[in-house]
Amino acid sequence: MKKLINAVEKVEEEMILGLVKSAPDKLRKLDCGNVVVRANKKEGKVALVSGGGSGHEPAHGGYVGEGMLDGAVAGAVFTSPTPDQIFEAIKAVATDKGVLCIVKNYTGDIMNFEMAIDMAKDEDIKADYVVVNDDVAVKDSLYSTGRRGVAGTILVHKIAGALAETGASLEEVKAVAEKVIANVRTMGMAITACTVPAAGKPGFELSDTEMEIGIGIHGEPGTRREALKKADEIADELLGKITEDIDYVGKEVAVIVNGMGGTPLMELYIINNFVNDYLGKKGIKIYDTMVGNYMTSIEMAGFSITLLRLDDELKKLYDAKADTPALKR
Amino acid sequence: MITNSQMIDILKAIAAKIIEEKDFLTELDNEIGDGDHGINMARGFGAVVEKLEGMADKDIGSLLKTTGMTLVSTVGGASGPLYGTAFMKAGAVLKDKNEMDANDLVAAMEAAIGGIQMRGKATTGEKTMLDALCPAYDALKAGVEAGEDLKVALTKAVEAAEKGVEYTKTIAATKGRASYVGDRSIGHQDPGATSSLYILKVLLANV
């Protein structure tokens, strides 16, 4: 393992401290754990809390700030945070308007957030949650845990965060978060695995001529392994799966071409070149495009494509002000 | 009969076994999941050993409850809430007891499995820890009801759990992160079922 770290057991804490020190007037770390909150708590709004394992930077701490999250909880690398950590985050940001947790659809994340929300309710904090499941690589059926939550989660943070900032009710913020979830789809692939620091070696091996299609964001293998193809052919397959899942034709979309952490922008722009042409040919209008590392899998090389179907309400919230370390608008 | 001081030894022995098998459990998880099962369980049981210091005068229920709460707050992932809930539920059944007999163990295991099913919304045949624990429970209960010695009944329970772990190799995961790789999970044994087997084996070795 070759990484710029000091000690395996300090990775998460030092990462969070470094993030907070990059924006000391805007962010604060709680003393009790790896929890990032806004430096200045804002009352009179629904507080948004997200979180998950570490290794997805800038998610989720990088999205704490005006117009997006109020708090983010970082678990160990690729491991859901524990209920007591999440509960501390909820307590720190809770207002009388309530708290909405944005949870990605993983068994562990849901269990830990549910337990934390139960603890919050015991202390008379109004708390609820939504589950993001945008990954079309996984079949959503009775026979699986359902689709994973991946890069589309950032758009839930953005849009629900914008509405929360206006002082909307918990029910209204939850409803708009669910509207985003219903309209956002993502699929990803990888050309290299990544190494969890505590494991010390890659999660899987891929030769120079192979790729994994349908990967998640935890260094796990995808749904299929096959021979590496040209960038355009890969993007074509991912876009095919995404646009099969919901109908985007004639609609306006927000696009994320997301790097998994180890792919240069050069390659992401090559992908975006194809994405833009593909959507144009299909009669899908691009409202805005984000290209970069928004939801990563440590140093994995690969990318995901996210499409969010927009209407006037979502467009307005998408454009609203955001001032966080990782996303400004 | 298991006394509270024996229970402390058992919990410490479970921790030692989990820590010893950390790399193997992680390797199993790499194949079908996200490669952290051993790391997370070892961190959690390491914390349990620290918590058990100074609890020599506590009843078995308190020991198990503390173990469960420590696992919930240190393991993370899905294993934390699942094993944590299991130990807490078993602790609730054994509240205020300073010794437990075979019937107590059956009742505690039933509550533990119920907790896992409730928290994980899972059942057998989904390639999870339940595929080791449920057949083990059935064997233990049958043995105890037939009047067998605890050690004999537990031996059969461990054999059933071993078969359960083997069975997980033959099926695809439909719960947890392993379900994302679908049929690619066939051929690999489930890490959670494996760690459950270790816990039962340690229990057998210490009664």
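Student: Which residue stands opposite Val49(A) in E5(A)?

Tutor: Cys101(A) does. This is a predicted model, where local features need pLDDT of at least 70, side-chain atom pairs count only at pLDDT 80 or more, and totals for chains, interfaces and linings use all residues. Residues are numbered from 1 along each chain as its sequence is written, while chains are lettered from A and ligands numbered from 1 in the order in which they are written.

Student: How many bridges join strand E3 to strand E5 of chain A?

Tutor: Two strands pair if DSSP finds at least two bridges between them. Strands (E, at least two residues) and helices (H or I, at least four) are DSSP runs, numbered from the N terminus. Here E3 (residues 47-54) and E5 (residues 99-104) of chain A run parallel and share four bridges.

Student: What is the strand order of the open sheet in chain A?

Tutor: The six strands follow E1-E2-E4-E3-E5-E6, with mixed pairing. E1 (27-29) and E6 (127-132) of chain A each have a single partner strand, so one side of each lacks a neighbour in the sheet.

Student: Which strands does helix H2 of chain A touch?

Tutor: Contact requires C-beta atoms, placed from the backbone, within 7 Å. H2 (residues 83-93) of chain A touches E2, E3, E4, E5 and E6 of chain A.

Student: Where are the domains of chain A?

Tutor: Domain bounds come from an automatic or database domain assignment. That assignment gives domain 1 (10-181) and domain 2 (184-318) of chain A. In chain A, 28 residues of domain 1 are in contact with 32 residues of domain 2. H4(A) gives the most to the domain 1 side that touches domain 2, with seven residues.

Definitions and conventions:
Two residues are in contact if their C-beta atoms, placed from the backbone, lie within 7 Å. Axes are lines fitted to C-alpha atoms, for helices over the stretch in contact, and angles run from 0 to 180 degrees between N-to-C directions.
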